[in-house]
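This report describes a protein model and its helix packing, sheet and ligand surroundings. The structure is shown first.

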Amino acid sequence: MNTEMFRKNVPDTIITHQFGRRTVAQSYEYDHRNLAEKLSFVKLPPAASKVLPAGSAKELVGKMVVSGMALQSHLGQSFKRIQHESGDEAAFIYLAANADGFHVTPYGFCTNSFSVNPCTRHLKCFDQCKHFTASGVAEHRVTLEDLRSKLVAMRDAARCKPATTVGRKNQIAHAERLIAGVSAALHAQPNQSVFADGIDHSTLKEDIFK
Ligand code: SF4
């Protein structure tokens, strides 16, 4: 019933009240719509329909950008800039050419366009990546919870080492940073940017293989 009410576009505050919940976030825990369903209420302007075919992945990305879900991403920011400087038509043509980058990771959505830069830190979305958007999908929550358990075990193992052990402090700090990132992803609302002011992992400057 919770999901059906979301499908009918009933405001989340009313759904929350209907079920006697304390917070709106609790209602999203039981929202099992897929991404296309969540975006079905977003209407694109006429300039978009010429270049973003109905039902295509490009249209889906267009709706993510227009609805604000992917506005903080490289794609969303470039779209806004072009729209401001050159108008709707040019902005949607840009989107149509770059929208192929959207994809799903084991933890949520990635809103970066890989037609410009490959992601050098793939699968490190939870490590403060600004392109990471929470999905609220049950499978992603399971993956994140499993990951958090493993990271907590790693941190606790490092804590048990003698205080003079080389690298112990760094191991603990690293694990704690990742735990905080995974927790932030678990607490984020579906379709919300988890680290809006985070790191752009797609343009990592350092050589990660060093
Ligand atoms: S690390 Fe960032 S850029 Fe890479 S896949 Fe994850 S969200 Fe996308």
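The sections below go from the overall layout to the helix contacts, the sheet and the ligand shell.

## Overall layout

The model is predicted. The protein has 10 helices and 3 strands. Along the sequence, these elements follow the pattern α-α-α-α-α-α-α-α-β-β-β-α-α. The C-alpha trace spans about 65 × 50 × 25 Å along its principal axes.

## Helices α9 and α10

Two packed helices are described by the angle between their axes and the distance between the axes. For helix α9 (residues 138–159) and helix α10 (residues 168–187), the angle is about 160° and the axes are 9 Å apart. With roughly antiparallel defined as over 145 degrees, α9 is therefore roughly antiparallel to α10. The crossing of α9 past α10 is left-handed.

On the α9 side, the contact is formed by Arg 141, Leu 144, Glu 145, Leu 147, Arg 148, Leu 151, Val 152, Met 154, Arg 155, Ala 158 and Arg 159. On the α10 side, the residues met are Arg 168, Gln 171, Ile 172, Ala 175, Glu 176, Leu 178, Ile 179, Val 182, Ser 183, Ala 185 and Leu 186. By class, the residues of this contact between α9 and α10 divide into 13 nonpolar, 2 polar and 7 charged.

## Helix α8 and its contacts

Helix α7 (residues 74–86) and helix α8 (residues 88–98) have axes that come within 7 Å and cross at roughly 155°. This angle makes α7 roughly antiparallel to α8. α7 passes α8 in a right-handed crossing. From α7, Leu 75, Ser 78, Phe 79, Ile 82, Gln 83 and Ser 86 take part, and they meet Asp 88, Ala 90, Ala 91, Tyr 94, Leu 95 and Asn 98 of α8. The contact of α7 with α8 has 7 nonpolar, 4 polar and 1 charged residues.

Helix α6 (residues 57–67) also packs with α8: their axes come within 9 Å and cross at roughly 125°. This angle makes α6 oblique to α8. The crossing of α6 past α8 is right-handed. Lys 58, Val 61, Gly 62 and Val 65 of α6 make the contact with Phe 92, Leu 95 and Ala 96 of α8. Its residues divide by class into 5 nonpolar, 1 polar and 1 charged. Leu 95 of α8 is listed in the contact with α7 and also in the contact with α6.

## The sheet

The 3 strands form an open sheet in the order β1-β2-β3, with antiparallel pairing. Because β1 (103–105) and β3 (132–133) stand at the edges with a single partner strand each, one side of each is left without a neighbour in the sheet.

Strand β2 (residues 108–110) pairs with β3 in the antiparallel sense over 2 bridges. Within this part of the sheet, Phe 109 stands opposite Thr 133 in β3.

## Around the ligand

Which residues are closest to the ligand? The ligand is surrounded by 13 residues, and the closest are Cys 110, Cys 119, Cys 125, Cys 129 and His 131. By class, the shell around the ligand has 5 nonpolar, 6 polar and 2 charged residues. Cys 110, one of the closest residues, falls within the range of strand β2 (residues 108–110).

Conventions. Residues numbered from 1 in each chain as written. Predicted model: local features only at pLDDT ≥ 70, side-chain atom pairs only at ≥ 80, totals over all residues. Near = placed C-beta within 6 Å. Nonpolar A, V, L, I, M, F, W, Y, C, P; charged D, E, K, R; others polar. Axes fitted to C-alpha atoms, helices over the stretch in contact; angles between N-to-C directions. Helix = DSSP H or I, 4+ residues; strand = E, 2+ residues; numbered from the N terminus. Parallel < 35°, antiparallel > 145°, perpendicular 65-115°, else oblique. Left-handed = near helix turned anticlockwise from the far one by under 90°. Contact = placed C-beta atoms within 7 Å. Pairing = 2+ DSSP bridges.
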